[in-house]
2 protein chains.
Amino acid sequence: MTGSRNDLEIGYDVPAAVGDALKSIQTPALVIDLNAFERNVERMRCHVESMNVRLRAHAKTHKSADIALFQIAKGGACGVCCQKVSEAEALVREGVLDILVSNQVTGPLKIARLARLAGRARIIVCVDDAANVAALSNAAQSAGSTIEVLVEIDCGARRCGVQPGAPAADLARSIAASPNLVFSGLQAYHGSAQHIVDPAERRTAIAAAIEMTRDTLRLLAELGLECAIVGGAGTGSFDMEGGSGVYNELQCGSYIFMDADYGRIRDDSGGVVGGFEHALFVLTSVMSKTTPTRVVCDAGLKALAVDSGLPLIFDRPGITYVAANDEHGKIDDPGNLLAIDDRLFLVPGHCDPTCNLYDWFVGVRDGKVEALWPVTARGKLY
Amino acid sequence: MTGSRNDLEIGYDVPAAVGDALKSIQTPALVIDLNAFERNVERMRCHVESMNVRLRAHAKTHKSADIALFQIAKGGACGVCCQKVSEAEALVREGVLDILVSNQVTGPLKIARLARLAGRARIIVCVDDAANVAALSNAAQSAGSTIEVLVEIDCGARRCGVQPGAPAADLARSIAASPNLVFSGLQAYHGSAQHIVDPAERRTAIAAAIEMTRDTLRLLAELGLECAIVGGAGTGSFDMEGGSGVYNELQCGSYIFMDADYGRIRDDSGGVVGGFEHALFVLTSVMSKTTPTRVVCDAGLKALAVDSGLPLIFDRPGITYVAANDEHGKIDDPGNLLAIDDRLFLVPGHCDPTCNLYDWFVGVRDGKVEALWPVTARGKLY
C-alpha cells in the first residue's frame, strides 16, 4: 500500500500525513476505518468461499488501485470490474491486470483504447448490440489483441442489455464467430433489485433474474456455447445470486464501505445484509454556530453525494444532518452539544459518487492516520 | 488562456485536443459554448456598470483560474469569491490576487494557511464568531500579514452569520480593534431567496434582507465603522441587491453558465433573470439502445449533480432524461429518434457541483474545440 507522500503539502494537496492524529486531518476528508474495512473484506471472502463462487469486486465503488490490489491479494477477488475505459486504463497502469468493463464501450476512440489495453491485461467487456460486436472485433484485430466479451441481458433492470433467450443467443453466436473476440458468458445484473429493502420482495425480483439467466444458459448450452462467466449481483443481494447455482462470479462493490443506503437493506433475520459494517466516513468540522440548536459543518454537496439521501451522523444520537448546500451542511443539535471545530463522522448516503469527489482516502486505525491512498481513477469518466 | 496541452493523452487525461471537431470529444465531457459564455460575461458587466456596483464574481461555480482571470480582465469583476482556503490557494498560484473567502475559516492549520496567503494576495474572509476573530488576528500577526474581515449577518438564510444590528456591531468593533485585521464591511447573502421562482415572493424575501443590512449599516456608521464592502447577492436576485443603494459588491457566480435551476428563475416580465443563456453542457453519447423508445447514455451521477433536479436535454424536444444511475442516464425517446453513438447536450440541474466532477472544461466555438481549461480548484475542499 502507498503510505506516506511527504512531497505533498498537507492541507492543500493532501488532507493529512501518515502518523497524524485524527484531529489533525483537514476537513472535509474521506476517511476509512481500516479495521472495519478489513473485516468487511474478510466477511465477503468467507461468503464467496462458502458459496463456491468467484468474487470480481467492483472498483467503481472506490476507484483505487491500492484497494483493488488488496481485494485481490487478501479478499478472495479474482479481479475487478470497472465501468469506463479510462478507469480500466488507470487501474492497469497500477498493476490491476484482470478487469471486466461491466458496461458497453462505444465510439471509435474508446473502442480502440480498449483493444490496446487488452494487449496489456485480461480485458472483458459487455455488449448488447451487434454492430458493437463488429467494431470491437475490428479494433482487436488492428491492435493484435483479444477481448473477452459477455452478452449483457436485461434481467429486470430495464436499462442496458438484450432480452434473455434467443436475442442473447444470437449475439453470443456473433461474438463466437468474430476474429479476436472470445465469447466468455453472460452479464446479468439487476441493479435496482438489490436496493429493495424488504427481503421477500428483493428475493422475488432476484429470483426472476435468476430464472431468465438460467433459461438463457440452457439455450446457449444447446448451441454449444459455454459460459465461463455468469456475472452479476451486488452487495444488497449477493447471497441470492451466489446461492443460485446459476451465477459463478459476483460483482459486489459497496460491501467494503457500507453506505447509509445499503445499511437500510436487511436480510431475512432483520440483520444488515452480509453482516457488513460502516467503514467509510466523511470527516467534517463544525464551522459556524450562531444559535444554540443549529450548527453548520464544512461538508456539503461537493463533499457528499446526496442522490440516495442525506448522510447519517455516526455514533452521535440526537444530532441530525438536515440540509446540504454546496459547501455547507446544516445540522440540528437540539441538545446544544456541538461547538465550533467539533468533528463529526458522516456516513454518506451513497459511497460510489462520494468517493469520486475526493483525491485521497485517509486510512485510520487506533486514532491515527495509517495510510493515504489516491483515488486512482477519480474523474475517469471517458 | 491555456489552450492546447499536447503532452496529455486524449481520451485518458483530456477529453479532446484543441482543433478537434465536436464529434471527436470523448464523452461525458464538460463543454462551454464560448459564444454564449462570453455574451453572459458581457451582460453581467453591463448590469453592474449600469447599477454602479462592483462585481466580485463567485469562483466556486467554475473553480477555474482561466475563467476568473477572464472575468477580471473582460467581465468587469474587481476580484473573485471562493469558499475554501485551498480554493483560494489554487487561484492565487495562477495569478488571481483579490479573493474573498465568503465563508468562515476555522481550525488552526486552515487559519494559518489563510494568514500566509494574505501575504501574497488581497485576502478577505467572513466571520460570525468572536473567538474566530482572535484566532485570525493571532495567525496574521504570526504570518506578518493583514487579513480583511467581513462580519457575516444572517439576513434570512438561517445558515451562518450573526444576527443583524447589535451582535454584528459588537463583532465589527472587535475586528477593528484586532491587530493585523481590517474591518472591511458586511457579508449579507441570502442564498435560498434567489432561488424563489416567483419574482414577487423573491422580491419580498430580498427586501427583508436589504432592510436588515441597511439597519446594521446605520448602526455601524453611528459607531464610526465604515463598510468598504457590503457584499452578497447571486444570479437569481442580483438586480434587487444591486439596485438597493445598500449593497456595493455583488457575488454572482452561475450567470456565466446558467444551469437548469437558474433557468427557471424569472424576472417581472417573465424573462430569464438577467437575460442569461445556457452556456455549460455535459456532452454525452448514447451507449445502449435495446428498445425503440429508451436509450441509455454515458452520463450519470458521476458526470452530473442531480441535487437540483435531473438535466434538461438541450434543443431536442420530445427527448427526456428520466433517471441517473452511477454511470448511466436513462432517456425516454418516444419518437425513436436516437441511435447508439448519437450525442446530446445536457443542461445540468446545478452547475457548481457538476463542474467540480471534471478535470477540464472544453471550450467550443463554431463546431470546434477552441480551448481546454483545467478546473484548477477541483476537489479543493479543505
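Let's start with two neighbouring strands of chain A: β8 (residues 229-232) and β9 (residues 249-250) run parallel and are joined by 2 bridges. Strands here are DSSP runs of E with at least two residues, helices are runs of H or I with at least four, and both are numbered from the N terminus. Two strands count as paired if DSSP finds at least two bridges between them. One such link has A:Gly231 facing its bridge partner A:Glu249 in β9(A). Strands of a sheet pair through backbone hydrogen bonds, either parallel or antiparallel.

In chain A, 8 strands close into a barrel with parallel pairing, in the order β2-β3-β4-β5-β6-β7-β8-β9.

A quick word on what you're looking at: this is a predicted model, where local features need pLDDT of at least 70 and side-chain atom pairs count only at pLDDT 80 or more, while totals for chains, interfaces and linings use all residues. Residues are numbered from 1 along each chain as its sequence is written, chains are lettered from A and ligands numbered from 1 in the order in which they are written, and side-chain values use heavy atoms, with hydrogens and water left out.

Further along chain A, an unreviewed UniProt entry lists residues 279-365 as "domain: D-serine dehydratase-like"; such positions follow the numbering used here, feature names are shortened, and annotations may be inferred rather than shown by experiment. That stretch is 6% helix and 44% strand, and its end C-alpha atoms sit 11 Å apart.

Next, see how the two chains meet. Chain A and chain B each bring 66 residues to the contact, meaning heavy atoms within 4.5 Å. Together they bury about 5,900 Å², 48% of it on carbon and sulfur atoms; buried area is the accessible area (1.4 Å probe) that two parts lose on being put together, summed over both. A:Tyr12, A:Arg159 and A:Tyr382 supply 14% of what chain A buries against chain B, more than any other three residues.

Charges meet here too. The rule finds 10 salt bridges across the interface, each a side-chain nitrogen of Lys or Arg within 4 Å of a carboxyl oxygen of Asp or Glu. One of them links B:Asp154 and A:Arg294 (3.9 Å, N to O). Over all chains, the structure holds 54 salt bridges. Another pairs A:Glu9 with B:Arg93 (3.0 Å, N to O). A:Glu9 lies in the segment before β1 (29-33) of chain A and B:Arg93 in helix α3 (residues 85-93) of chain B, so this pair joins two chains.
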